Amino acid sequence: EPYLRSLIQGDVREISSTHRVLLHYAHCLKMIKEKANQPIDIDFLAELYAKLTGNPELTSFYRTTDDKNPENRVIIDRIYTCAPVISIDSMMTELFSFIENAKFSGLVKSIATYYYINYIRPFPTYSDEIALLMAKSVLAHCDLSDFGAIIPLESLLSESQDVIAKIFVEVQKTYDLTYFL
């Protein structure tokens, strides 16, 4: 507990490489709180991803290779494990447009953002974490500001991964996000 407190307060003197992502995640939460009035766009996402990876100079951004999972080769009842590489840029552009222009509540936009990023899996690493951070960003931008960043979505969404995975499959099969909502 004292170690986690020092991580959150930014008072860490030494950190193991396995815990570094926690420190970066805390920096991302701070960024979300500080930038609650800036638009959620590709620049915001790039800064968030750079902070999460701990690499201020991104040499690459979106995934450049397709997932080799055999499930992606099925023709009937295909369930994608992630979007094809050629579709990532346009799908993310659609997501940013949805976040900015949709007339839904912040909660619905946040949940849709979480699902969509998990569906696309735009990054070679940390796509799950980015999905959570972007969901929190949407909440923070929808008049929840600081509160949006600290809502414990992590515990809510990590406890039932097997149930969520089944729901994600149902959403893909039916094209109906209300199963996840």
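The following legends describe close-up views of a predicted model of one protein chain.

Residues are numbered from 1 along each chain as its sequence is written. Because the model is predicted, local features need a pLDDT of at least 70 and side-chain atom pairs count only at pLDDT 80 or more, totals for chains, interfaces and linings use all residues, and side-chain values use heavy atoms, with hydrogens and water left out.

**Figure 1. Overview of the protein chain, with eight helices and zero strands.** Helices (H or I, at least four residues) and strands (E, at least two) are DSSP runs, numbered from the N terminus. Along the sequence the pattern reads α-α-α-α-α-α-α-α. The mean pLDDT (the predictor's confidence in each residue, from 0 to 100) is 83, and 85% of the residues score at least 70. Confidence is lowest in helix α1 (residues 2-9), with a mean of 68, and highest in helix α4 (residues 85-101), with a mean of 95. Of the 181 residues, 36% are buried; buried means under 20% relative accessible area, exposed over 50%, and partly exposed in between (1.4 Å probe, protein chains only). Contact means heavy atoms within 4.5 Å. Among contacts between residues at least 6 apart in sequence, 56% join residues at least 24 apart.

**Figure 2. The contact of helices α2 and α3.** The axes of α2 (residues 20-34) and α3 come within 7 Å and cross at roughly 150°. That crossing makes α2 roughly antiparallel to α3. Axes are lines fitted to C-alpha atoms, for helices over the stretch in contact, and angles run from 0 to 180 degrees between N-to-C directions. Angles under 35 degrees count as roughly parallel, over 145 as roughly antiparallel, 65 to 115 as roughly perpendicular and the rest as oblique. On the α2 side the contact is made by Val-21, His-24, Tyr-25, His-27, Cys-28, Met-31 and Ile-32, and on the α3 side by Phe-44, Glu-47, Leu-48, Lys-51, Leu-52 and Thr-53. These residues divide into eight nonpolar, three polar and two charged. Ala, Val, Leu, Ile, Met, Phe, Trp, Tyr, Cys and Pro count as nonpolar, Asp, Glu, Lys and Arg as charged, and the others, Gly among them, as polar.

**Figure 3. The contact of helices α4 and α5.** The axes of the two helices come within 11 Å and cross at roughly 175°. Helix α4 is therefore roughly antiparallel to α5. From α4, Ile-88, Met-91, Met-92, Glu-94, Leu-95, Phe-98 and Ile-99 meet Lys-109, Ala-112, Thr-113, Tyr-116, Ile-117, Tyr-119 and Ile-120 of α5. The residues of this contact comprise eleven nonpolar, one polar and two charged. Tyr-116 lies in α5; leaving aside neighbours within four places in sequence, Tyr-116 is in contact with Met-91, Glu-94 and Leu-95. The C-alpha atoms of Tyr-116 and Leu-177 are separated by 9.7 Å, with the two residues 61 apart along the chain.

**Figure 4. Aromatic pairs, of which the count is 13.** Tyr-49 and Phe-123 form a stacked pair, 4.0 Å centre to centre with 15° between the planes. Rings of Phe, Tyr and Trp (its six-membered ring) pair if their centres lie within 6.5 Å; planes under 30 degrees apart count as stacked, over 60 as edge-to-face and the rest as tilted. The pair links distant parts of the chain, with Tyr-49 in helix α3 (residues 42-53) and Phe-123 in the loop between α5 (106-120) and α6 (127-150), 74 residues apart. Tyr-49 and Phe-123 are buried. Tyr-115 and Phe-180 form a tilted pair, 6.4 Å centre to centre with 45° between the planes. Since Tyr-115 is in helix α5 and Phe-180 in the segment after α8 (161-174), this pair ties together parts that are 65 residues apart in sequence. Tyr-115 and Phe-180 are both buried. Ring pairs also join Tyr-114, Tyr-115, Tyr-116, Tyr-119, Phe-168 and Phe-180 into a cluster.

Figure 5. Val-171 counts as buried because its relative accessibility is 4%. Apart from neighbours within four places in sequence, Val-171 is in contact with Tyr-115, Asp-176, Leu-177, Tyr-179 and Phe-180. The C-alpha atoms of Val-171 and Tyr-115 are 9.4 Å apart, and 56 residues separate the two along the chain.

Figure 6. Most residues other than glycine have a negative phi. With 25% relative accessibility, Arg-121 counts as partly exposed. At 77% relative accessibility, Tyr-175 counts as exposed.
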